[in-house]
Amino acid sequence: KYYLIRLILIKHLDKISENKIILAKLLIDKSQKVRECAIHWISNQNVEEYQSILEMLIYDNSITVRFESRRLLSIIGTRDFRKLYKEGLEKQDHLIGSILGLSEVGNKEDIPLIYMYLKSERVKVKIASIFGIYNLDKDLATENCYKIIESDNPSSFKKACELILLKQSI
């Protein structure tokens, strides 16, 4: 129940015989901190043993988990993460992680793919989209944030835009 107990468990995973089963659960934990510590634990192991888990974690909602997953997978071999994220968007699979991941490894050419999700029915997807656009083109994101704040979008989406505008000091 308490995430601190799960963090202590991660520190002692090497002493547990069924640690892969426990680790798999920790890597999908609701606590971002637990997932981050669990993936850090993998970095001190034989990374190849965890390849399939890492391939799923590149879509995590946490930037730290996505970054570390990409880093560890790159140790195993080269990957075209941009292509993987674009495929995720095409399949409508792992939308939030695909949008944010593409914005981290992609370029301005990828903005149209991300931009279309500003019209999503899911507010979390809309929020991921505006942050994704911000990662690739701050001016375009700022322009859209002004429009979003003036519209009848959900308040959580407007708050995300306010954060972007504050980052821009506008």
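With which residue does E68 form a salt bridge, and how far apart are the closest N and O atoms? In this predicted model, the partner of E68 is R71, and the closest N and O atoms of the pair are 2.6 Å apart. Both residues belong to helix 5, where a spacing of 3 residues places them about one turn of the helix from each other.

Side chains of opposite charge can pair when their charged atoms come close. A further case is that of D60 and R35, whose side chains meet in a salt bridge with an N to O distance of 2.9 Å. This pair links distant parts of the chain, since D60 is found in the loop between helix 4 (51-57) and helix 5 (63-76), while R35 is found in helix 3 (residues 32-43), the two being 25 residues apart. Both D60 and R35 are buried.

A salt bridge is also formed between E109 and R82, with the closest N and O atoms 3.6 Å apart. Because E109 is located in the loop between helix 7 (95-105) and helix 8 (111-115) and R82 in helix 6 (residues 81-90), the pair ties together parts that are 27 residues apart in sequence. With a relative accessible area of 64%, E109 is exposed, whereas R82, at 24%, is partly exposed. These two residues also take part in a network, in which salt bridges that share partners join R82 and E109 with K86 and D110.

Attention then turns to the packing of two helices. The axes of helix 10 (residues 138-150) and helix 11 (residues 155-167) come within 9 Å and cross at roughly 140°, and the two helices are therefore oblique to each other. The crossing in which helix 10 passes helix 11 is left-handed. On the side of helix 10, the contact involves T142, C145, Y146, I148 and I149, which meet F157, K158, C161, E162, I164 and L165 of helix 11. By class, the residues of this contact comprise 8 nonpolar, 1 polar and 2 charged.

Terms used. Residues are numbered from 1 along each chain as its sequence is written. This is a predicted model: local features need pLDDT of at least 70, side-chain atom pairs count only at pLDDT 80 or more; totals for chains, interfaces and linings use all residues. Side-chain values use heavy atoms; hydrogens and water are left out. Axes are lines fitted to C-alpha atoms, for helices over the stretch in contact, and angles run from 0 to 180 degrees between N-to-C directions. Helices (H or I, at least four residues) and strands (E, at least two) are DSSP runs, numbered from the N terminus. Angles under 35 degrees count as roughly parallel, over 145 as roughly antiparallel, 65 to 115 as roughly perpendicular and the rest as oblique. A crossing is left-handed if the near helix is turned anticlockwise from the far one by less than a right angle, and right-handed if clockwise. Contact means heavy atoms within 4.5 Å. Ala, Val, Leu, Ile, Met, Phe, Trp, Tyr, Cys and Pro count as nonpolar, Asp, Glu, Lys and Arg as charged, and the others, Gly among them, as polar. A salt bridge is a side-chain nitrogen of Lys or Arg within 4 Å of a carboxyl oxygen of Asp or Glu. Buried means under 20% relative accessible area, exposed over 50%, partly exposed in between (1.4 Å probe, protein chains only).
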